[in-house]
Amino acid sequence: MAVVLVFIQALLLGNIHILGVASPLLYIYFVVQTPRNTPRWLIMVSCFILGILIDIFFSTPGMAAASMTLVGFVQPSVLELYLHNADDKNFCPGIHAMGTEKFTAYVLFLTIIYCTAFFTLEAFSIQHWALWFFSIIGSTFVTVFSIVVLSIVFSTTSVLMSKR
């Protein structure tokens, strides 16, 4: 799935910049969907590799890799915030499994972390703080919206396939 997300980002979404600041960063969906029992080191390595691929396509030297690695590091802890201890150890986060509100909050939390890290590394100064701030807010909103819609589509499709 990670390779598909990278190609969608590179070929379709990479050229979308709403109002010059908001870009959908759909590849974050990879870390959002990581199951509960996945070892943290594996999440971090996978996120680093995904980030490197994004960096290669968009000439962002290490910014996506560093930001994705950070999100991979915090993902297990953030997921635990939205689950009960009694939940299944093999739990895979999704809109159907968590409910719309919890899933959206979970995606929002991870996306804000990613966008803040990425755009802070990109700006590397506070000279253009308004652009930095609106890039974080705009990209977070567009990304969360895209991931929630994608999750609804995948959830609906899997329910329809299971009824056959």
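Let me start with the count, which comes to 1 salt bridge, the term standing for a side-chain nitrogen of Lys or Arg within 4 Å of a carboxyl oxygen of Asp or Glu. This is a predicted model, in which local features need pLDDT of at least 70 and side-chain atom pairs count only at pLDDT 80 or more, while totals for chains, interfaces and linings use all residues. Residues are numbered from 1 along each chain as its sequence is written, and side-chain values use heavy atoms, with hydrogens and water left out.

The partners are E80 and R36, whose closest N and O atoms are 2.7 Å apart. They link distant parts of the chain, 44 residues apart, with E80 in helix α4 (residues 63-81) and R36 in the loop between α2 and α3; helices here are DSSP runs of H or I with at least four residues, numbered from the N terminus. R36 counts as buried because its relative accessibility is 11%, whereas E80, at 33%, counts as partly exposed; buried means under 20% relative accessible area, exposed over 50%, and partly exposed in between, with a 1.4 Å probe and protein chains only.

Turning to helix α6 (residues 100-123), we find T111 there, and T111 is buried because its relative accessibility is 0%. Leaving aside neighbours within four places in sequence, T111 is in contact with I28, T140, T143 and V144, contact meaning heavy atoms within 4.5 Å.

Finally, in helix α1 (residues 2-11), L5, V6, Q9 and A10 are buried. They lie on the same side of α1 because they cover an arc of only 130 degrees around the axis, taken from the directions from the helix axis to the C-beta atoms.

Notes:
Helices (H or I, at least four residues) and strands (E, at least two) are DSSP runs, numbered from the N terminus.
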